[in-house]
Structure formats: structure tokens, C-alpha cells
Amino acid sequence: MKKVIATGKTIDDAIKAGLVQLSTTQDRVHITVLEQPSKGFLGLIGTKEAKVELEKIPDPIEEAVAFLKELFETMGLAISIDQKQTKEGHLFNLSGSELGILIGKRGQTLDALQYLVNIVANRFSSAHVRILLDAEQFRDRRKQTLQELAHRLAGRVVRSRKELILEPMNAQERKIIHAELQSHPSVKTYSKGDEPNRRVVITLR
């Protein structure tokens, strides 16, 4: 329910009644007065109540959650969403029994979902909103895997004296590789190619 019409003896009474129906607060609605209250003959006969229309202002995070819940329901998945505010943005951590479907190969499906949910959220916000999507700490596990991979491949470059071109990665994963090898004494990194096939290159300093 996003829009209701409510009545009351006064405009304030009508607004309060509408807020109860929407289960929200006055700062979260647009209010349109449809009819002013009026007193009839002798203040009794023909009394007319105030009538107002309340339209709920969409909240970007609520809309994002609703989008995901509808998507999961359509897919027949029982997934719960735990929300947390972090310095990077709003973190949605997904939990359930069939997370593999949502994560996909190397997190590609999770990245696609994150992209879509950010589009949905920012449709309802005047300021940029950033939502991070995770699935039972998959991001942390993936980060650790990439950090270990970076050092292993750096060692290979040092031994072979030949540069290595990694498989295509998204910007966040490339950033992890670059950061991990930034202070390496023997190798350096750079990116080449165009999205979505941009790759990290590890080469000798």
C-alpha cells in the first residue's frame, strides 16, 4: 500500500488516520488535501469531514529489498536478507539453502544482482545510494582466494621472468590484486583490455 485516502474531523485527524493505514510517519509521505472540513446547519446537520490523500515516499533501501524478495519468490528460493550499514554502503547479506544459484561462477551472478539492485535503489533516490550484495561472507572468502592467488602468481613471474595475464575480472577483484601486490619488491601490476574483458597483468618491476 503506497497511497491512501483518509478522513477525519480535522485535517490533522485525517492525516493521522492515513499514517496509521500506511504504517509510517508524516515525513515519509506527500499529503494532498482533497476536502476541507465544514460544519452544517447549526453545526450539526450536513457536517463534512476533512479528506486527504497520503502517498508514501519511496525509500531506496526498502524498494531494493522488495525487488530482491520478489525476485527470490519468483525463483522459488527461500532467502533471507540481513541489512547492515557499512562505510562502503548498505550491505545486504543473503542467507539460505540454495545460495550457489545466486552466487554463480566466481560470484558473477551475485555481481549481476548487485548491479540490478543498485539500479532499482537509485531510481528512488536523489542522492547516490550504494548497495553491496553478499552471500554468507562469499566476498570475504573470494578476497582471500584472490590475495593468495596474487602471491602465488607473483612467485611464478619471478621464477619464469615472464609476465602473466590473468583471466578477466571485475573492477573490485582487479583492485584486490593490485592492492595485494602494490608493495611487492619484484613485481608490479597493471590492467589492460576493455570491460567486461579487462584483465590484470603481473610483470617484473
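## The largest pocket

The largest pocket holds about 940 Å³ of space, a volume filled by probe spheres set on grid points that are joined across faces, edges and corners. A pocket here is an open set of points on a 1 Å grid over the protein atoms alone, where a 1.4 Å probe fits, with protein on both sides within 12 Å along at least five of seven lines; lining residues have an atom within 4 Å of a point. Of the 26 lining residues, Arg-130, Leu-132, Arg-139, Gln-172 and Ile-176 come closest to the centre. Two or more residues each come from β4 (79–85), β5 (90–96), α4 (108–123), β6 (131–135), α5 and α6. These labels are DSSP runs numbered from the N terminus: helices are H or I with at least four residues, strands E with at least two.

A word on the model: it's predicted, so local features need pLDDT of at least 70 and side-chain atom pairs count only at pLDDT 80 or more, while totals for chains, interfaces and linings use all residues. Residues are numbered from 1 along each chain as its sequence is written, and side-chain values use heavy atoms, with hydrogens and water left out.

## Helix α6

Which residues of α6 (171–181) are buried? They are Glu-173, Arg-174, Ile-176, Ile-177 and Leu-181, where buried means under 20% relative accessible area (1.4 Å probe, protein chains only).

## Around β9

β8 and β9 run antiparallel, joined by six bridges, and strands count as paired if DSSP finds at least two bridges between them. Lys-192 has Arg-199 in β9 as its bridge partner. The two strands make a hairpin with six residues between them, and Gly-193 in the turn has a positive phi of about 95 degrees.

β9 also pairs with β7 (164–165), antiparallel over two bridges. There, Leu-164 stands opposite Ile-202.

## Asn-93

Asn-93 belongs to β5 and is buried at 13% relative accessible area. Its side chain reaches the backbone nitrogen of Glu-136 at 3.1 Å. Beyond neighbours within four places in sequence, Asn-93 has contacts (heavy atoms within 4.5 Å) that include Ser-80, Asp-82, Asp-134 and Gln-137.

Terms used. Buried < 20%, exposed > 50% of the residue type's maximum accessible area, 1.4 Å probe, protein only. Polar contact = N/O pair within 3.5 Å; in protein donor to acceptor, adjacent residues only side chain to side chain.
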